[in-house]
Structures are given as structure tokens and as C-alpha cells.
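This report is written for a reader new to the structure shown below.

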Amino acid sequence: MLTKRIIPCLDIKNGRTVKGVQFENIRDAGDPVELAKWYAQQGADELVFLDITATNEGRKTFAELVRDIARHIDIPFTVGGGIGSVADVEVLLQNGADKVSINSSAIKNPELVSELATHFGSQCVTVAIDTKYTEETGWKVYTRAGTVETAHKTMDWAKQVVALGAGEILLTSMNNDGTKAGFALDITGEVANAISVPVIASGGAGSMEHFKDSFQKANADAALAASLFHFRELGIPDLKQYLKQQGIAVRI
Amino acid sequence: MNLVIVDYKAGNVQSVQFALERLGVQATLSADAETIKAADKVIFPGVGQAASAMAQLKARNLDKLLPTLGQPFFGVCLGMQLLCQHSEEGDTDLLNIIPLPVKHFETDLKVPHMGWNQLERLQSPLFDGLQEQDFVYYVHSYYVPLSEYTIAQTAYPDPFSAALQYKNFYAAQFHPEKSGAAGSQILKNFLAI
């Protein structure tokens with residue numbers, strides 16, 4: 001049976017992991033390759049690396065890092081951050097990334113999604129959607145690292161990018177992100193049930209129950225978390241055992 | 001061993017090369033007919049779209065060469081589909097080595113079929129050391145139905161060909177290079193064939 005995926009997300013700046021990752025048994029937790037190998041051993045199903053470097057020099061470092069990650073880990077990984085063109089994606093895929101995640105550049109130029117799908121296939125095009133709910137607007141899409149509200153309603157945008165060729169949606173609720181109060185089950189469920197491609201729930205994971213709910217209540221295909229895993233508040237082996245006991249198909 | 005990965009700009013060649021490197025094997029990337037013919041074994045990866053991959057093969061005359069090869073050959077993901085007769089993806093004629101169709105998933109489940117799923121009915125030395133229900137990683141929207149050449153199957157929701165063997169041509173729909181320890185074992189087994 002196809003299993004639900006557990007995905008740790010690593011932020012990368014100038015080739016190093018950021019956020020004070022705490023691991024005793026890793027020689028250098030700032031080294032993304034060491035951390036990636038450790039997560040793969042722990043049973044992570046996939047990894048996401050987000051490049052938050054702003055400079056061109058940093059981008060070059062990131063491409064080299066992608067190659068180094070591909071050399072050392074034997075599970076799939078997605079890379080994102082600052083991708084704006086077919087050429088950007090080509091470099092990352094050639095260096096061994098399995099998928100790319102695009103966000104602001106899709107808002108700026110929706111045609112990019114279909115260009116990427118045509119060039120490389122939908123299976124490697126993940127569109128990341130940052131969404132925020134307010135009483136006035138409902139769930140809207142935000143861009144530029146969540147700082148700018150767009151005209152798009154979240155559900156409409158999700159449907160649009162799937163029609164353009166996105167193979168997966170990474171949906172992050174800004175209301176929930178960092179709260180550890182659980183994923184945004186309402187909008188995640190609405191999107192997951194309305195579109196034909198897999199949806200990754202993101203933002204708000206704080207406990208094992210939250211993962212269970214994202215799968216059982218919101219019908220997410222995968223769930224992503226960062227600090228919860230990095231700070232060892234939750235171990236992936238424990239999480240997967242729990243999910244299995246709850247009747248959720250996971251890879252153990 | 002002289003191992004060649006067919007490099008036709010439509011494959012995840014790098015990931016496959018790295019996976020072999022982790023097994024201690026250096027593989028040559030090539031689209032050159034003589035180099036491929038001289039190989040002891042050939043690996044044929046592929047991601048992307050069937051029609052554009054076929055165009056890349058034709059541009060390099062590989063569509064004529066590959067069906068004539070007699071050494072152990074391993075097609076991966078799209079590389080498996082390309083070995084078949086015809087794909088519903090872009091209504092594309094394929095290499096026509098294995099007389100099977102490639103169909104689009106028609107299901108209420110999510111497409112692409114993306115993530116870790118289980119192997120069943122393992123029937124080949126390719127799976128030595130693996131167990132029924134072992135997990136491998138899939139990303140695909142098209143599939144090859146079960147056939148007499150099926151050597152492993154996976155269910156989504158109906159069973160389809162997870163792997164094929166036809167004469168010297170082996171093929172896997174999943175990505176052994178991204179399938180953890182199980183995937184490494186499969187690559188190792190292919191190298192031992």
C-alpha cells in the first residue's frame with residue numbers, strides 16, 4: 001500500500017543548515033549532508049532543502065551542496081528557494097535533486113509551472129503555497145516568504161497550478177507555522193480533497209497526534225516539519241510506530 | 001566490469017551514478033553507440049515525458065541501437081516504459097522491445113503515484129535478499145499492466161508491473177537509486193546477473 005510520507009525540512013544558508021539544530025550524535029549538525037544522512041537512517045521518507053541564501057554566490061554553493069547530498073543519501077529529496085527559470089531547475093536536477101519546489105516565481109509567472117512540467121515532467125514540479133486566513137479575506141496566498149498578500153484565493157490557486165502541471169502541492173499555513181498547535185486541517189483537507197495530485201501538509205506540527213490528524217482528518221499525502229524534528233522533540237521512528245498503531249500506512 | 005549508463009539528457013543519470021558509486025562501482029555515462037555496445041551491462045534511466053525522451057533517443061540514433069543489445073540491460077522508471085511498445089503519454093510509439101502497452105492511471109487515488117509502496121510476488125534473482133512487501137520509491141503517472149513478463153508487482157489500487165524481464169532486458173518502474181537499502185540491493189543484484 002502507498003504510505004503516508006514524513007518529511008523533515010532543512011533551511012540552508014550559504015551551504016549550511018540554519019536554526020540551531022541539536023543533535024548529540026552528529027559530528028556537525030550544521031552540515032546538511034550529515035543531517036540528511038541521519039534523517040534517512042531514522043526513516044524519513046523524503047527531505048526538503050530550502051535555500052534561503054540571497055546572494056548569487058550562495059546559489060552556486062547550493063547547487064554544489066545538492067550534488068553532495070545526492071551523492072550521499074539514497075532517499076528522494078526536493079530543493080527550493082529562489083528558483084525562477086527552467087535553467088535554474090536544470091542545474092538542480094542535473095546535480096541529483098529529484099524535485100524542485102517553486103513558490104514566489106510561480107505567482108509572478110504562472111507559465112513557469114507549465115514550462116517546467118513540459119521540460120522535466122510534472123513529477124518533479126512541486127508548487128509551494130504559503131497561505132494565511134483572516135476573517136475578511138478567507139484563505140489567501142502569500143508570496144515573498146509570506147510577506148506579501150496576493151490576489152489569489154488558496155483553493156483557486158491550488159487548482160490553477162495543478163492545471164498548469166504541478167505534480168505536488170506543499171501547503172504551508174502561516175497561521176499555524178511555528179505554533180506547534182497542529183496543522184491547518186480545514187484548508188489542507190479542502191485542497192487535498194479537491195485536487196488530483198499529492199498534498200504535503202506543513203506548518204504547525206507539535207505532536208504525533210497532529211500528524212495523525214493531517215492524514216486522517218485532512219487527507220494529506222505527506223506531512224512536513226522542521227524544528228520539531230531538528231530539536232529532537234519528536235523522533236521519526238517513534239512517530240511512525242505511533243502512526244502505524246493508529247492504522248495509518250507508513251514505511252517502517 | 002564495464003558498466004555504462006545511457007546518457008540522453010532525459011534521465012536522472014546523476015542519481016543512478018551516485019547510487020552505483022555507493023556500491024563501489026564506477027559507471028561511464030555515454031550516448032555513444034560503440035561505448036554502449038562494448039559495455040558488460042547497461043543501465044537506462046529516465047524521468048520526464050515519454051515523447052520528449054523518445055525524441056532525445058532518436059536524435060542520438062539510440063532508438064535503433066538499444067533494441068539490438070544483448071548484454072544485461074536495466075531500464076529504470078521512464079527507462080522501463082520506453083522499452084515497451086506504445087504509451088498513452090502523448091500517444092507515443094516507444095522502443096518496442098517488450099510487447100506491452102503503457103497506460104495512464106485511471107483511479108480516484110492521487111496521480112502521480114508518488115511515494116513508498118510495496119513490492120509483491122517477487123520472481124527474479126533481481127530481488128535476491130529482498131522480502132515480499134519491501135518498500136521502494138515510486139513517482140509516475142503511467143504504468144505497465146501485469147503481463148507474462150512481470151517479475152514483481154505493486155498495487156495502486158490495482159496491481160501493475162513493478163518490474164519486468166524480457167530476455168536480457170530487465171526493468172523497474174520504481175527508483176532503485178532512491179529506494180534506500182532495498183534499492184541498493186536490487187542494483188547490486190543486477191550487477192551480479
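## A buried pair in chain A

A:Lys99 has a relative accessible area of 2% and is therefore buried (under 20% relative accessible area, with exposed over 50% and partly exposed in between; 1.4 Å probe, protein chains only). A:Glu46 also counts as buried, at 1% relative accessibility.

The two residues form a salt bridge, their closest N and O atoms being 2.9 Å apart; the term requires a side-chain nitrogen of Lys or Arg within 4 Å of a carboxyl oxygen of Asp or Glu. A:Glu46 lies in the loop between α1 and β3 and A:Lys99 in strand β5, so the pair ties together parts that are 53 residues apart in sequence. Helices (H or I, at least four residues) and strands (E, at least two) are DSSP runs, numbered from the N terminus.

## Basis of the model

This is a predicted model, in which local features need pLDDT of at least 70 and side-chain atom pairs count only at pLDDT 80 or more, while totals for chains, interfaces and linings use all residues. Residues are numbered from 1 along each chain, chains are lettered from A and ligands numbered from 1 in the order written, and side-chain values use heavy atoms, without hydrogens and water.

## A link between chains

A:Asp98 and B:Lys178 meet in a salt bridge with an N to O distance of 2.9 Å. Both lie in loops, one in chain A and the other in chain B, so the pair joins two chains.

## Chain B

Chain B contains 6 helices and 13 strands. Of its 193 residues, 61% are buried.
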